[in-house]
Amino acid sequence: MVETFHNLMLGFSVALAPDVLMYAVIGCVIGTLVGMLPGLGPLAGISMLLPATFGMSPVIAIVLLAGVYYGAMYGGSTTSILMRIPGEAASVMTCIDGYAMTQNGRAGAALFIAAVGSFIAGTVSVVALMLLAPWLATFALRFGPPEYSALLCLGLLVLAYMSSGSIPKTLAMAVLGLFLGMIGIDSMSGYSRFSFGINDLSDGLGIVPVAVGLFGVAEILLTAGQEFPPTVQKPKMRELLPTRQECRDSALPIARGTVLGFLIGIIPGSAHIISSFVSYGVERRLSKHPERFGKGAVEGVAGPESANNSAACGAFVPMLALGLPSGPITAVMLAALMVHGVSPGPLMIQNQPELFWGFIASMYIGNVVLLILNLPLVGLFVNLLRVPYSYLYPLVIVFCLLGVYAVAQSVVDVWIMLGMGVLGYGLRKLDFEAAPIVLGLILAPILEQSLRQSLAMSSGSYAILVTRPISATLFAVAALLIAWSLVSLFTKKKDWRKEVGLAEQPGE
């Protein structure tokens, strides 16, 4: 512990150097703006900034790119809460209750809770990264294709079980998302599937146009179809802070989201996105009043926002400790280090402690910077609600069009966004949840590749999924979950029959 403390002091001596500190602040500001812009996300922001780091020192380069990464986690909540448009994919779940709080006149409180939850989760997860990185990275190495297949199948079932709505409807939307995720070139055979000769679909459907369409465009279509549009809200200063009850209700979701996000973050894949889905489902299942979710429950903002920020830090565990990227974002950052002649892994910790611990210390500083940036600006963000809807929504549509087009300069992505907007409008009218579609779209490529790699390892035998200890345990949990759901469904059916007087009477 003493050695760790000395190493951390070394890190702060590096991170508090004027030039490093300046670039940490610049990265946080850019990341916040990138997170707020629909269509742009941390991956796009980091990719665009990567060439600009070539003349920098390795410490400054990694600090700048990391600031963009977790700054985007903060910024993505703003448009989700105020306009129901996810700034980036990890903010999809924040749309649901964050926007409902805005409609209830609690936009300022939602933004405040999101910022504080993100700060707490980010700080705690940095401490966990510092203390637990070697052990957690070693455990993550035990996950092979069969284990990932089992984990992702369990994740889809947990999503359906945690849903407060109809389990069949939730699973149907998740399956639709899985089908959409199969569009594009098959990574193992190289054949193009369901792209209908459209070259822009070779890489599959982008998460951004799908999410912006299902949530942002659909919301605008719903509002435009109302006889009387929502009244312009004029928040007062005293409404910008959460009440004591909202703070109490947020405490445990922030704690649970922090732990869940960090653990999920070390697993390869779009961890910061998946963690927000899992956290939202857990909070809805544990709540004493699950009927409030979707109508402005503060837990539905605190949990997912804490989880995605914690997962952002957890994703650095395998990258720094083993040199293994846990997703496309950390892969780009890994490439940035290698361009600067740095090889991440255990040798980096031994040979370049000032780089490793300087990066850790910069994450502490980055969380403080982001809290300072976001809290004073809550009032400014909330003032967006003063703009009349007749002016605001056309601007939002234009903003979405430009943002989605800017990602890949593809007109096809714009049409996908519009098509998903129409689909989302129909689903909202029919009382279907759109969030499982996004999760299915994210998980489809990972699930398919893991399953096919498992079968390749076993020469086509599915037994490999239940003969390895970790995957067998995960599938056993999935089976128990299905059995429990069936028992609950049967019990509810009997209770319903009793309530309406259809149960058999004695002597009949």
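Author: Before we start, a helix here is a DSSP run of H or I with at least four residues, and a strand is an E run of at least two, numbered from the N terminus. Also, the model is a predicted one.

Reader: OK, what makes the place of Phe194 a loop, and which elements is Phe194 between?

Author: Strand 2 covers 192-193, and helix 9 covers 207-224. Phe194 falls between those two runs, so its place is the loop between them. Its phi is near 60°, a positive value in a residue other than glycine.

Reader: Where is Asp431, and what is its phi?

Author: Asp431 sits in the loop between helix 19 and helix 20 (435-457). Its phi is near 65°, again positive in a residue that isn't glycine.

Reader: Why is the pairing of Glu246 and Arg106 called a salt bridge?

Author: The rule asks for a side-chain nitrogen of Lys or Arg within 4 Å of a carboxyl oxygen of Asp or Glu. Here the N to O distance is 2.9 Å, so the pair qualifies. Glu246 is in helix 10 (residues 244-265), while Arg106 is in the loop between helix 5 and helix 6 (107-140), so to speak distant parts of the chain, 140 residues apart. The whole structure has seven salt bridges.

Reader: How do the axes of helix 5 and helix 12 cross, and which residues make the contact?

Author: The axes of helix 5 (residues 92-103) and helix 12 (residues 299-314) come within 8 Å and cross at roughly 145°. The crossing is left-handed. Met93, Thr94, Asp97, Gly98 and Met101 of helix 5 touch Gly300, Val301, Pro304 and Glu305 of helix 12. That set splits into four nonpolar, three polar and two charged.

Reader: And what makes up the nonpolar surface patch?

Author: Tyr405, Val411, Trp415 and Leu418 make a patch of about 420 Å². Helix 19 (residues 411-429) gives the most, with three residues; Val411 lies in that helix.

How values were computed
Residues are numbered from 1 along each chain as its sequence is written. This is a predicted model: local features need pLDDT of at least 70, side-chain atom pairs count only at pLDDT 80 or more; totals for chains, interfaces and linings use all residues. Side-chain values use heavy atoms; hydrogens and water are left out. Axes are lines fitted to C-alpha atoms, for helices over the stretch in contact, and angles run from 0 to 180 degrees between N-to-C directions. A crossing is left-handed if the near helix is turned anticlockwise from the far one by less than a right angle, and right-handed if clockwise. Contact means heavy atoms within 4.5 Å. Ala, Val, Leu, Ile, Met, Phe, Trp, Tyr, Cys and Pro count as nonpolar, Asp, Glu, Lys and Arg as charged, and the others, Gly among them, as polar. Patches are made of residues with over 30% relative accessible area and no salt bridge: like charges are joined within 9 Å, nonpolar side chains (Val, Leu, Ile, Met, Phe, Trp, Tyr) within 5 Å. Accessible areas come from the Shrake-Rupley method with a 1.4 Å probe; for residues, only the protein chains shown count as cover.
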